[in-house]
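I opened this entry to keep track of what I looked up in one model. The notes run from the whole chain to single residues.

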Amino acid sequence: GSGFGLGTVLVAALLALVVSGTLRFLYEQGVEWIYRRGSFRIPTLVIGEQADRERLIRALDASPSPYRLVGELDLSEGRVDLPRLRELLDETEVRNVILAGAERLGDEEFLDLLRSVRLRKVKLRVVPGAVTLLKTRPILSEYTGVPLFEVGYPSLDNTQRSLKRLLDVTGSLFGLILLSPLLLVVAALIRLTSPGPVLFRQKRVGADEKVFICYMFRSMYKDAEARQEELEAMNEVDGAVFKIKDDPRITPVGRFIRRWSIDELPQLINVLKGEMSLVGPRPLPLRDFERMSGLHKRRLAAIPGMSGYWQISGRSNLSFDDMVRLDLYYIENWSLSFDIKIILKTIGAVLRREGAY
């Protein structure tokens with residue numbers, strides 16, 4: 001035998017139960033004390049119809065919780081005001097969103113909301129309805145008094161997103177250091193051969209319609225944007241995108257750097273800043289975005305990239321609809337190995353000068 005009698009085993013088990021229970025109680029009391037003091041609480045936005053929001057806020061106020069209410073957003077007629085939500089997420093410190101009445105949203109509306117939250121690295125929690133609670137086992141959020149589901153996104157979980165970001169930071173830093181002599185030479189050539197700034201800064205629409213400043217080497221004369229309207233009739237691409245193969249606004253140096261895709265290298269700064277990725281749907285200018293249909297805007301479900309799946313499938317020779325189709329395929333089938341494959345094939349396409357102008 002083990003040498004331990006039944007009585008000894010029972011006493012040890014009872015002691016372990018008492019100790020674990022005591023530690024659990026002290027832990028809960030400590031966490032409650034911290035929350036009562038207002039420390040380490042997560043800035044939270046509550047979304048729902050007024051009655052649902054009021055019930056949820058009362059429940060959160062009834063006991064100390066990790067959530068600090070910083071804003072509310074109405075849910076009316078099964079829709080969320082997405083532009084207003086994006087403003088709140090971009091302009092405030094919100095790190096957590098709690099949605100009451102999710103069952104009132106259609107699938108498309110819910111996925112749009114989830115995409116807006118996910119792309120800003122904000123967690124989404126949902127107050128389940130009574131029927132949902134009867135059918136499933138909810139993931140309870142501690143210290144709220146309200147059962148909350150934490151909702152993930154099917155294509156890109158936190159680990160994969162972290163690995164993608166690590167690839168972006170490493171790749172952009174390495175690229176900027178390795179290519180710095182080339183970048184300096186190109187900057188000098190642009191400065192010496194035509195008046196205007198070295199870098200062209202343009203507002204582009206990125207993930208979830210978020211506007212950012214995209215950096216490129218200036219490849220056109222400085223009045224290029226003002227002249228675009230008079231050239232609209234010469235557009236050679238169907239759909240929202242504007243492209244002319246022999247664009248008269250392009251400088252001689254600009255034609256060379258475009259041919260070798262050197263003009264896009266400053267976007268490594270955008271990648272480093274987190275506004276872009278090495279791989280993803282290409283960010284389009286405001287002019288192109290405003291002409292896109294709702295279906296086309298689905299390509300904004302991912303962080304825009306310096307390169308994309310379309311660049312290894314025909315580049316500028318593709319129609320806009322084909323580009324969108326390839327972008328959507330990339331979003332639905334993303335993997336780290338897919339990114340690396342696209343990067344390697346993009347380098348090959350650039351060296352062969354396929355479809356760039």
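Below are my entries, in the order in which I made them.

**Entry 1. Whole protein**

I note at the start that this model is predicted. I looked up the secondary structure and found 13 helices and eleven strands in the protein. I then checked burial: of the 357 residues, 44% are buried. For the surface I have an accessible area of about 19,700 Å². Carbon and sulfur atoms account for 59% of that surface. I also looked at how far apart in sequence the contacting residues are. Taking contacts between residues at least 6 apart in sequence, I find that 72% join residues at least 24 apart.

**Entry 2. Helices α3 and α4**

How do α3 and α4 lie relative to each other? I looked up the two helices, α3 at residues 82–91 and α4 at residues 107–118. They pack at an angle of about 15°, and their axes are 10 Å apart. An angle under 35 degrees counts as roughly parallel, so α3 and α4 are roughly parallel to each other. The crossing of α3 past α4 is right-handed.

I listed the residues that make this contact. From α3 they are Leu82, Leu85, Arg86 and Leu89, and from α4 they are Asp112, Leu113, Ser116 and Val117. By class, I have five nonpolar residues, one polar and two charged in the contact of α3 with α4.

I moved on to the loop between α4 and β5 (123–127), where Arg120 lies. Is Arg120 buried or exposed? Arg120 has a relative accessibility of 11%. The limit for buried is under 20%, so Arg120 counts as buried.

I looked up the contacts of Arg120, leaving aside neighbours within four places in sequence. They are Arg86, Leu89, Asp90, Arg95, Asp208 and Lys210. Arg86 and Leu89 are also on my list for the α3 side of the helix contact. For Lys210 I have the spacing too: 90 residues from Arg120 in sequence, and 10.0 Å from C-alpha to C-alpha.

**Entry 3. The loop between β7 and β8**

Asp208, a contact of Arg120, sits in the loop between β7 (199–205) and β8 (211–217). I checked its backbone: Asp208 has a positive phi of about 55° and is not a glycine. I kept in mind that most residues other than glycine have a negative phi. Asp208 has a relative accessible area of 1% and is therefore buried.

Glu209 is found in the loop between β7 and β8 as well. Its phi is near 65°, again a positive value in a residue other than glycine. Is Glu209 buried or partly exposed? With a relative accessible area of 32%, Glu209 is partly exposed.

**Entry 4. Leu199 in β7**

I went back to strand β7, in which Leu199 is found. Leu199 is partly exposed, at a relative accessible area of 22%. Neighbours within four places in sequence aside, I find Leu199 in contact with Met216, Phe217, Arg218 and Pro266. I also looked up the spacing from Leu199 to Ser219: 20 residues in sequence and 8.9 Å between C-alpha atoms.

**Entry 5. Glu72 in β2**

Next I looked up Glu72, which lies in strand β2 (residues 67–76). Its relative accessibility is 42%, and Glu72 counts as partly exposed. Which residues does Glu72 touch, not counting those up to four places away in sequence? I find Leu45, Val46, Arg53, Ile57 and Leu88. Arg53 is 19 residues from Glu72 in sequence, with 7.9 Å from C-alpha to C-alpha.

**Entry 6. Gly305 in β11**

Last, I looked up Gly305 in strand β11 (residues 305–307). Its relative accessibility is 0%, so Gly305 counts as buried. Not counting residues up to four places away in sequence, Gly305 touches Met276, Ser277, Leu278, Val279, Gly280, Pro281, Arg282 and Pro283. I took the spacing for one of these, Met276. Gly305 and Met276 are 29 residues apart in sequence, and their C-alpha atoms are 5.3 Å apart in space.

Note on methods
Residues are numbered from 1 along each chain as its sequence is written. This is a predicted model: local features need pLDDT of at least 70, side-chain atom pairs count only at pLDDT 80 or more; totals for chains, interfaces and linings use all residues. Side-chain values use heavy atoms; hydrogens and water are left out. Axes are lines fitted to C-alpha atoms, for helices over the stretch in contact, and angles run from 0 to 180 degrees between N-to-C directions. Helices (H or I, at least four residues) and strands (E, at least two) are DSSP runs, numbered from the N terminus. Angles under 35 degrees count as roughly parallel, over 145 as roughly antiparallel, 65 to 115 as roughly perpendicular and the rest as oblique. A crossing is left-handed if the near helix is turned anticlockwise from the far one by less than a right angle, and right-handed if clockwise. Contact means heavy atoms within 4.5 Å. Ala, Val, Leu, Ile, Met, Phe, Trp, Tyr, Cys and Pro count as nonpolar, Asp, Glu, Lys and Arg as charged, and the others, Gly among them, as polar. Buried means under 20% relative accessible area, exposed over 50%, partly exposed in between (1.4 Å probe, protein chains only). Accessible areas come from the Shrake-Rupley method with a 1.4 Å probe; for residues, only the protein chains shown count as cover.
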